[in-house]
Amino acid sequence: MNEMEKTQLLGMTPDELAAHLKALGQPAFRAKQVFSWLHQGAAFEQMSNLPKALRETLAETCIANPVAVLETIESKLDGTIKLLYRLPDGHVIEGVLMRYKYGNTLCLSTQVGCRMGCAFCASTLDGCARSLTPAEMLGQIVCANGVLAPQGQKVGNIVLMGSGEPLDNYDNVVKFLRILRMEGGLCIGMRSVSLSTCGLVENMRRFAEEDLPVTLSLSLHAPNDEVRDRIMPVNKAYPSEELLAACRRYYQATSRRISFEYAMIDGVNDRPEDAKELLRRLKGLPAHFNLIPLNHVEESPLKPSTRAAVAAFQKTLEDGGVTATVRRTLGGDIDASCGQLRRKYNQSKEKR
Ligand code: SAH
């Protein structure tokens, strides 16, 4: 059987695993054993409490982890690790492992590329090849845990901020989150997860009702529709007033403060008036701003704001009662921002 025809077990709930194993003549208690092994990153032959014949059948017909680490690149500046992974159909995706004092945070991809078309983003330049399965999202964490294992560490926090738009892959992302928090598996709670979205309003509203209270990171990047329309095509489908209403609804449903991502672009969205307009529009909504000096992408004419403009913008927000942090740039020497490394990899492969 080739890799593409094999069943991806990692994305199954224990109930689904039990059904799969029952069809192979196995008792129900095996599901728990297999679930636990899969999330620990074990290969089938290492699953020592399973009968040998079952291990062999599983190895022939199933994939334990559909994600394989292709390359790791560690930043000399701060220990950030960029991961390139290969999927069973040959697609390559990337992730970033950030090492903080309080623990390890893994940035996950949710799609191969992205179809949202934001003007400043490298992930979207070649469109979206396909969405990732729940197994392929869990598999990225299992791989990163493997990278950390020699140091006796694990991934503690997850940010869905890699390539892809999580709410454009809704069902798979929701299933991934439900499995992520299960006992006996990775057991990562929703308080340790941030989901970043460009603002697919209908799915934001749906997501608010799922009882998956993750931190919502909203990629706002503009004070109004005029600016947002220019840099984020999604804004034409869901104008910012509707978007902010959906944020308010999310806050009501989850009591989680909204985290706004704001890439600071020179001369586009970085004037003090822009900060004041944001303060007016967000009145009454508990919010935090992450100001990110734009990461320059070769293919784009947009440039990062000056340090002075970022500082002034931050001060205006804080004077207005909204906390704002300037995102530290990690991994500046390893193309750590989304989409950049994968593009370089694919381009160099084309040249070869
Ligand atoms: N599709 C989701 C998540 C992926 S991007 C979203 O749009 O939120 C993660 C974050 O990086 C988003 O806030 C995105 O807008 C931002 N981003 C993308 N390219 C960037 C760049 N060149 N500089 C700074 N931030 C960027």
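1. Charge over a ring. In this predicted model, Arg-206 sits over the face of Tyr-170, and the distance to the ring centre is 3.9 Å.

2. Aromatic pairs. The count of aromatic pairs comes to 6. One of them joins Tyr-100 and Tyr-102: the ring centres are 5.2 Å apart and the planes meet at 10°, under the 30 degrees cut-off, so the pair counts as stacked. Tyr-100 is partly exposed, at 24% relative accessible area, whereas Tyr-102 is exposed, with a relative accessibility of 64%.

3. A stacked pair between strands. Phe-260 and Phe-289 are also stacked, with 5.3 Å from centre to centre and 25° between the planes. This pair links distant parts of the chain, since Phe-260 belongs to strand 12 (residues 258-264) and Phe-289 to strand 13 (residues 287-293), 29 residues apart. Both Phe-260 and Phe-289 are buried. The two residues belong to one aromatic cluster together with Tyr-262 and Phe-313.

4. Cavity. The structure holds 1 cavity of 30 Å³ or more. The volume of the largest cavity is about 40 Å³. Its lining consists of Leu-220, Ala-222, Pro-223, Ser-240, Leu-244, Leu-278, Arg-281 and Leu-282. Helix 9 (240-254) and helix 10 (272-281) are the elements that each give two or more residues to this lining.

5. How do the residues lining the largest cavity divide into nonpolar, polar and charged? There are 6 nonpolar residues, 1 polar and 1 charged. Ser-240 is the polar residue and Arg-281 the charged one.

How values were computed
Residues numbered from 1 in each chain as written. Predicted model: local features only at pLDDT ≥ 70, side-chain atom pairs only at ≥ 80, totals over all residues. Heavy atoms only, no water. Phe/Tyr/Trp six-rings, centres within 6.5 Å; stacked < 30°, edge-to-face > 60°. Buried < 20%, exposed > 50% of the residue type's maximum accessible area, 1.4 Å probe, protein only. Helix = DSSP H or I, 4+ residues; strand = E, 2+ residues; numbered from the N terminus. Lys NZ or Arg CZ within 6 Å of the ring centre and 35° of its normal. 1 Å grid on protein atoms, 1.4 Å probe; cavity = no way out; pocket = protein on both sides within 12 Å on 5 of 7 lines; lining within 4 Å. Points joined across faces, edges and corners; volume = space filled by probe spheres on them.
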